[in-house]
Amino acid sequence: MLSSPHSIARSSLEEMLDSLRQRDEGEGGEHSKPRDLPPALPSRPTSKARLPKRLIQAKLAMQHVVSHNSHNSHNSANKKQERGQEAAAAPAGKSLNSIGQRLLENGGATLATPSGTELNNSISYFVKNVKNLTQECNILSVWCNPREDHWELAKIKSTAGEEASVTLSDGSAITVSTGELLPANTESLDGVNDLVELQYLNKPSVLHNLQYRYRNDVIYSKAGPVLLSINPFKDVNIYGNDFVKAYKEKSSDKPHVYGVADAAYHDMMKDGGNQSIIISGESGSGKTVTAKFAMQYLAIVGSQNLRIKTKLVQASCILEAFGNAKTVRNNNSSRFGKLIDINYNADGIISGVCIQTCKHITKSRVSQISRGERSYHVFYQIIAGAPPVLKDMLSLKMASEYKYLNQSGCLKINGVDDAHNFIMLVDAFDSLGIPHEVQENVIEWLAAILWLGNISFAVIDKEEHVQPVDDEASRTAARLMGCNMDDLSELLSTDKIHNMTIALTSHQATVKRDALAKFIYESLFNWLVQEVNASLKGDNQPARHTISIIDIFGFESFQKNSFQQLLINYADERLQQHFIRHLCKLEQEEYELDGVHWKKVESGDNQECVDLFEKKPIGLISILDEASTSSEATDETFTDKIKEDLSSNFCFSCEKGTFRVRHYAGEVRYNASGLLEQNSDKLQFDIIQFLSSCKKPLNQLASGVMDQVQTTSQSVVVKFKDQLFNRIQRLDNSKQHFIRCIKPNTKQLPGSYDIDVVWEQLKRSQVMETVHISKSRYPISFTHQEFATRFGCLLSDNLISADPLRTSVSILQMHGVPTQMYQVGFTKLFFQGQVDVLENWRQEVLDGTRAVENVFLGGQVLDFPESDSGIVTLQSFVRGENARKEFNVLKKQNQEMAPSSLDEHLTTIVHLQSVIRGWLARKYFNHMQRWKKSGIDSSRTRRRSHSKSSGFKGLSQENIQMLPQNIEELQKRVVKAESLLRERDLENTALREQVRQFETRLSEYETKMKVVEEMWQSQMASLQMSLAAAKKSLSSGISDGQTGRPDGSVSPNCYDSEDNISGIQTPVQMTPLRSGHNRRENNGVISNTVDNLSIELEQRKQIFDNDVKAVINVNPGHPPSSKQIEDYKRLKKKFEVWKKEYKHRLREAKTTLVSAETGGGGDKRAKNKNWWGKLSKRGKERPV
């Protein structure tokens, strides 16, 4: 950790006053500096696993080497002589020149804190002699803090005890405590390129140096191995082909992103390993632009043609339009982390580019944006820049008309021309070879997303179920997506779960509408990334090496932080740990393990916060993943769970509905509401099915995502962590170059430099610790064997030892390398510098050796010209021997292959001959048959026999002459027959597959028809039972009507109707008893009606049975025809109509029966009450 300001000030003043005291005592210049001696050899460890602790006894000074020119050296000598004369004349006097010279000589003083006694003595000495200082002593510049957190440059005027009087830059004088003063660097060090070059490294000095450069539009600075990039929030003229050429030709070494990219490319070509450029920083610090310029430089340096460079730049334009948006802190915030892999072949030429993105958090901004923010740039670009014809086709309106865009109240960005950016986007599409038709389809989908956000819902029943309003928004969205309005309405108003349709409320429908819009945008973005990678794939040359540029999320903290901020800040926390580990820990651990004398620099550690997220099984990620997969978990139970398990972690605190995490960059309060839902991210299958049915060329967007949904069931946070781990693992397997982006102010104003904002970022990113390590680090290291092998040529043969360590030390001693510039470890030699000098000497030795060898060999050739013929003869013998060996190898291979080839040829020849012989024999036999038949019918005269014989001989000769031609014709026929046979086999295979499919469909239809038949039979049986019960009740009612009801009771209040099968009862009003005569008449009518219904039921049953048999009469092996399917549907519909009508008539008969009921006893009422009840009970037990 950094020392306190008090300790730094006291130690620096002590060093400054020590130089004055040493001069007065005459210590300076009288004693010569002892000669540097090499360190004692360390003990050789017996085992590499157990290294002894620090066996180097010699303490090596870590001094900052300050180079002076010859003019300064000459002045220094003169000033020393004058100082000696002044000391002899007036030992107590002080002069400006002597004090200034002492300060220059003490320029490399370290900031080690001295003991309290030495400090008090130095201050006492300064107070004792300060009265002798002249007014010219104002050269002593310091930093004072008159107002809290506001450092000002001042000059010491006088001191009194523990106080000092200083003069500020405005001429005013104030008195401050000496403990509040910090030493200031000389003006010659203002604006140094590397913070390591500062003489005094403290907070005001570092901030002043960066501010000095920033005001002069120098936004890049070095902090040891890290490049600092301060966002200017404006265009600065430090890019372009001239600057690329300067860094490519090594004519400029100033800090620049081009310099980092060039170093990565140079290291790749030199060492042959993969490289990584890691760009980090808070949101709004300029990471995206920095990554763009790094990619631009690598594209120019590593490409031979302009095409790949143009495509790479245009790809960034597309991804920026679809993946970047305005937030409260950044006008061009990248909402997706990307890893750009630039692949190179062996010659250092780009062979292809691959861009990987984080696909898990890009879609949340489509439907929800906070106040003062914007959605993705592309929505505003198509609205502002689309031509009128395209706007009319898409029915585009102003951005303020769309709910997805106007909910934040921010529609424009100052200084950004969305219409111009749309033109650039179209040019980028053209450069990557995306057709205009596809471009129009992409824009149609974007417009459909905007119109989806305008769809509203209307309540349609008492349960608050809704349905989309049939207005311009719904109709336009359906038209742009290429679907039916009814299908879209059904999708947004219902959910289908396990073949069940559930109506949605207004909130549920809105969530599903937003899910559809987000899914479309996510699929569209992933498709665009695939198209970009396909265009940047390049040739098919294998990639030899890769330079990766990682531009990941920056730390975010808003008034309301949700799941998206949780993932972003977790990734930033993990990357910060990677940064600290590689820049502050690994190097120091290597020094300690190798026994190097090293004063450890303590650095911060965020391991506890990382454990809060990743620790298993009680880490935040594990708990969130487990809760997301549980059906019983809610936001409240999740909050209770993390409060119970994580409260012991210092970085965590929980409140009602929220929890806080102390990140390295600050504490963030997260809202627990909705975390589980966003983490599960369950995609409903009906959305994918709906998009697949849309009549648009890009409807295949759903297919790729559907495959991902089917192949993985992990939650979003687990997939995000796995992807992050894979990227960090790739970084560990490469040489890494770091760029830390700094945001100078929070208002995104050009030229504004807020020291508090800058200092917080420097402190959080451990930049000061990195610079402290770099001031005394050893950037170059060799193993003992490597150093002895590489520079052994610098020693004579008699000094070379078998021990590589002794050889290495001898090299260093012989060439006078200062001991403070290197250290000897157990296994390695570590250097701060001077290696380039050894490299130059080594190159001179090698060049001289080559020159001597060339001269010697050249003389030998001139002295022995007769050796030419011998060399030629020897070469001819060697070539002949090689040729004979190759011939024997080929001969052996041919001998091994010959038998099998010969057998195949003989088999083919014999087969062909047999076919030809058979054809000739058949032809000859047919001819003989015709000849014999004609000979029997004709006269058997000698003349005719002679003519027949001569004709046969002529025919035989003709056949012999025609034999070669027939063989060729036969071969053609054989080939043709074989091809026809293959075609027939393919046709038969296809027909067998069709037959199999038809058989499958036939079995399905037979099963369905049997089920329908059983259902109809069951329904018929139920109706028969109902009629039977009705008849029985009627007959009993008639007999009871004849005798009357003795108790004069009225009919029941209600009867169970046939609808009671479904649980519905029909209430009936109480009616008085009717006369017996009327009842007999009514009973007669009712009896006729019931009989007619029974007869009709039997007839209909017979008709429907016959129709069913006719429909299902399908021959086995043949699929049902379309006519049979239509007959089946028509019969089913006919049966449903008759069934409904018959039920109605049966219900009317029941009503008539009820109305005809009169008095009766209690027992009779109980008897009449429930033939319908029994029917109802049987109906419930037997499904209809």
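This is a predicted model: local features need pLDDT of at least 70, side-chain atom pairs count only at pLDDT 80 or more; totals for chains, interfaces and linings use all residues.

Me: Ok, which residues does UniProt list for "binding site"?
Reply: The UniProt record, an unreviewed entry, lists Gly 281, Glu 282, Ser 283, Gly 284, Ser 285, Gly 286, Lys 287 and Thr 288 under that name.

Me: Where is Glu 282 found?
Reply: Glu 282 is in the loop that lies between strand S8 (275-280) and helix H8 (287-301), and Gly 284 lies in the loop between S8 and H8 as well.

Me: Is Glu 282 buried or exposed?
Reply: Glu 282 has a relative accessible area of 12%, and because buried means under 20%, it counts as buried. Gly 284 is also buried, at 2% relative accessibility.

Me: And what does Gly 284 touch?
Reply: Leaving out residues up to four places away in sequence, Gly 284 touches Asn 231, Phe 233, Arg 329, Asn 330 and Lys 743. With that same exclusion, the residues that Glu 282 touches include Lys 287, Phe 555, Cys 741, Lys 743 and Arg 764.

Me: Let's go to S8 itself, how many of its residues are buried?
Reply: Six of the six residues of S8 are buried, so the strand is largely enclosed by the rest of the structure. Both of its faces are covered, with Gln 275, Ile 277 and Ile 279 buried on one side and Ser 276, Ile 278 and Ser 280 buried on the other.

Me: Which strands do bridges join to S8?
Reply: Six bridges join S8 to S21, running parallel, and five join S8 to strand S17 (residues 545-551), also parallel. On the S21 side, Gln 275 stands opposite Lys 735 and Ile 278 has Phe 738 as its bridge partner, while on the S17 side Ser 276 stands opposite Ser 548.

Me: Then what about S21, how many of its residues are buried?
Reply: Strand S21 (residues 735-742) is mostly covered, with seven of its eight residues buried. Five bridges also join S21 to strand S7 (residues 226-230), and these two run parallel; Ser 229 stands opposite Cys 741 there.

Me: Changing topic, what do the buried residues of H27 pack against?
Reply: They pack against helix H5 (203-215), strand S6 (220-223), S7, helix H18 (563-593) and helix H26 (755-764). Helix H27 (residues 767-776) is mostly covered, since eight of its 10 residues are buried, among them Val 767, Met 768 and Ile 773.

Terms used
Residues are numbered from 1 along each chain as its sequence is written. Side-chain values use heavy atoms; hydrogens and water are left out. UniProt positions are given in the numbering used here, feature names are shortened, and annotations may be inferred rather than shown by experiment. Helices (H or I, at least four residues) and strands (E, at least two) are DSSP runs, numbered from the N terminus. Buried means under 20% relative accessible area, exposed over 50%, partly exposed in between (1.4 Å probe, protein chains only). Contact means heavy atoms within 4.5 Å. Two strands pair if DSSP finds at least two bridges between them.
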